[in-house]
Amino acid sequence: MVTTPDTRSAAPLRTCIGCRQQRPQSALVRCVESPQGATVSRTAAGRGAWLCSATCFHTAARRKAFDRAWKHTVQPHTLEPLEQLLRNAFDDVIINMEELPTVEVANDEPAATKG
Ligand SMILES: [Zn+2]
């Protein structure tokens with residue numbers, strides 16, 4: 001009998017192209033290059049470039065990790081629309097990540113005290 005002792009291992013893992021950390025697919029955002037330019041989509045056809053944070057977007061852009069993910073030279077202007085799209089996308093991911101183990105999130109603002 002083959003069993004999977006840890007059910008969480010069933011979640012597909014992807015590697016962030018910025019920090020190279022493997023994370024559950026649900027905690028990452030997938031960037032693809034469409035004819036209209038780079039966009040954020042989990043379903044669009046094409047090679048996916050996975051990112052875990054907006055910081056990693058900058059890291060990946062600087063390291064030309066998008067070139068490697070998409071297998072060709074990516075012009076900086078191609079990535080420009082991604083920055084805002086990623087901000088929106090990570091807002092959603094952060095909500096999903098509440099179910100994940102503790103994640104360090106850099107936050108400039110002090111936590112608001114509810115009461
Ligand atoms: Zn990352």
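Helices (H or I, at least four residues) and strands (E, at least two) are taken as DSSP runs and numbered from the N terminus. The structure is a predicted model, in which local features need pLDDT of at least 70 and side-chain atom pairs count only at pLDDT 80 or more, whereas totals for chains, interfaces and linings use all residues. Residues are numbered from 1 along each chain as its sequence is written, and side-chain values use heavy atoms, with hydrogens and water left out.

The protein chain contains three helices and five strands, arranged along the sequence in the pattern β-β-β-β-β-α-α-α. Of its 115 residues, 30% are buried, where buried means under 20% relative accessible area, exposed over 50%, and partly exposed in between (1.4 Å probe, protein chains only).

Three of the strands form an open sheet in the order β4-β3-β5, with antiparallel pairing; two strands are taken to pair if DSSP finds at least two bridges between them. From one strand to the next, the twist averages 30°, with axes being lines fitted to C-alpha atoms (for helices over the stretch in contact) and angles running from 0 to 180 degrees between N-to-C directions. Strand β3 (residues 29–34) is joined to β5 by three bridges, the two running antiparallel, and Val29 has Leu51 of β5 as its bridge partner. Four bridges connect β3 to β4, again in antiparallel fashion, with Cys31 opposite Val40 in β4. A hairpin is formed by β3 and β4, with two residues between them.

A zinc ion is coordinated by the SG atoms of Cys16, Cys19, Cys52 and Cys56 at 2.2 to 2.4 Å. Donors are N, O and S atoms within 2.8 Å of the metal (3.2 Å for Na, K and Ca); water is not among the atoms, so sites may look incomplete. The arrangement is tetrahedral because the four donor atoms subtend angles of 106 to 115° around the zinc ion; four donors count as tetrahedral if all angles lie between 85 and 135 degrees. Along the chain, the donors of the zinc ion follow the spacing C-x2-C-x32-C-x3-C.

Positive phi values occur in residues other than glycine. Arg20 has a phi near 65° and is located in the loop between β1 (13–15) and β2 (22–24); its relative accessible area of 52% makes Arg20 exposed. Lys71 likewise has a phi near 65° and lies in the loop between α2 (65–70) and α3. Lys71 counts as exposed, at 57% relative accessibility.

One cavity of 30 Å³ or more is present in the structure. A cavity is here a set of points, on a 1 Å grid over the protein atoms alone, where a 1.4 Å probe fits but cannot get out, and lining residues have an atom within 4 Å of a point. The largest cavity has a volume of about 30 Å³, the volume being the space filled by probe spheres set on the points. Its lining consists of Ala54, Phe57, His58, Glu83, Leu86 and Arg87. Helices α1 (54–63) and α3 (76–96) are the elements that give two or more residues to this lining.

Notes:
Four donors count as tetrahedral if all angles lie between 85 and 135 degrees; four count as square planar and six as octahedral if opposite donors are over 155 degrees apart and all others between 65 and 115; anything else is irregular. On a 1 Å grid over the protein atoms alone, a cavity is a set of points where a 1.4 Å probe fits but cannot get out, and a pocket is an open set with protein on both sides within 12 Å along at least five of seven lines; lining residues have an atom within 4 Å of a point.
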